Amino acid sequence: MKRTLFFSLAGSLLVFINFSFALSKDELMGKISAHQHPDFVRFVSGGRVFSLRREAYAALAAMTEAAKKDGISLVVVSAFRSFDDQKRIWETKWKRFASSYPDPVKRCKAILRYSSAPGTSRHHWGTDVDLVSVDPAFFKTKEGQRILAWLETHAPSYGFERPYTPLSQRNGGYEEEPWHWSYRPLATNYLSLYTNTITQEDITGFSGDNALKEVDILSYILGISPTLLP
Ligand SMILES: [Zn+2]
């Protein structure tokens with residue numbers, strides 16, 4: 001009896017580990033419906049509906065509650081984004097940047113200053129959120145500075161860290177994003193899975209994907225704060 005229980009516990013633990021850490025290629029690239037995924041939860045923030053992995057959401061909810069007590073409102077601007085969501089963002093910029101950057105490789109690099117290519121965003125994992133505002137100018141205001149200071153002090157104790165710190169503190173990648181926070185306990189494992197599973201050939205299925213093959217996309221994926229590297 002005891003032995004059976006031991007094996008069934010060990011079995012559940014393995015299933016648990018599988019659920020937590022082993023993501024499929026599609027999951028790593030956002031090719032899922034978060035609404036139908038058992039590991040995701042839907043929630044409302046600022047009157048809009050978002051999705052995150054359950055564990056990341058629980059940590060975010062606790063952090064939001066603590067912030068509220070200090071008079072800080074952590075409204076979510078973006079959370080999980082699917083491959084198709086990212087494709088819409090990318091292709092809108094692809095068209096908008098066409099006249100300024102007729103060369104397709106230069107156009108990719110211009111978009112990559114702030115936006116990731118479909119299939120390469122940390123938002124695909126359900127571990128990352130954009131908080132309060134995605135306008136760099138806001139974080140230069142007094143209110144923006146107050147919110148950022150609160151997050152920098154408290155977010156790590158809830159598991160959240162900034163991947164896109166000032167460029168001077170990183171080895172290349174996207175521009176600084178004071179709004180983007182990543183749930184480290186899951187995201188670091190996913191990044192490691194991602195770099196072991198996804199190749200440049202997988203990153204396809206959108207305008208400019210051929211030109212993107214000329215860009216070292218891994219330098220963007222790994223161009224994050226060293227504290228979030230596996
Ligand atoms: Zn973001």
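In what order do the 4 strands of the open sheet stand? The report takes up this question after an overview of the model.

## Overview of the model

The structure is a predicted model. The protein averages a pLDDT of 92, and 91% of the residues score at least 70.

The secondary structure comprises 9 helices and 6 strands. Along its principal axes, the C-alpha trace spans about 70 × 45 × 35 Å. The radius of gyration of the protein is 19 Å, which agrees with the value near 17 Å that a compact globule of 230 residues would have. Buried residues make up 31% of the 230 residues. Of the contacts with a separation of 6 or more, 75% are between residues 24 or more positions apart.

## The open sheet

The order of the 4 strands is β3-β4-β6-β5, and their pairing is antiparallel.

Strands of a sheet pair through backbone hydrogen bonds, in either a parallel or an antiparallel manner. In this sheet, β3 pairs with strand β4 (residues 128–131) in the antiparallel sense over 2 bridges. Val-76 has Leu-131 of β4 as its bridge partner.

## Helix α7

Helix α7 covers residues 184–197, a run of 14 residues. From its first C-alpha to its last it reaches 19 Å, close to the 20 Å expected at 1.5 Å a residue. Which residues of α7 are buried? They are Arg-184, Leu-186, Ala-187, Tyr-190, Leu-191 and Tyr-194. These residues lie on the same side of α7 because they cover an arc of only 155° around the axis.

Leu-228 is found in the segment after α9 (217–221).

Not counting residues up to four places away in sequence, Leu-228 touches Glu-161, Pro-163, Ser-182, Arg-184, Ala-187 and Thr-188. Among them, Arg-184 and Ala-187 are buried residues of α7. Phe-97 is 131 residues from Leu-228 along the chain, and the C-alpha atoms of the two are separated by 31 Å.

Technical notes:
Residues numbered from 1 in each chain as written. Predicted model: local features only at pLDDT ≥ 70, side-chain atom pairs only at ≥ 80, totals over all residues. Expected span 1.5 Å × (residues − 1). Buried ≥ 20, exposed ≤ 12 C-beta atoms within 10 Å, placed from the backbone. Arc of directions from axis to C-beta. Contact = placed C-beta atoms within 7 Å. Pairing = 2+ DSSP bridges. pLDDT = per-residue confidence, 0-100. Rg over C-alpha atoms; globule rule 2.2 N^0.38 Å.
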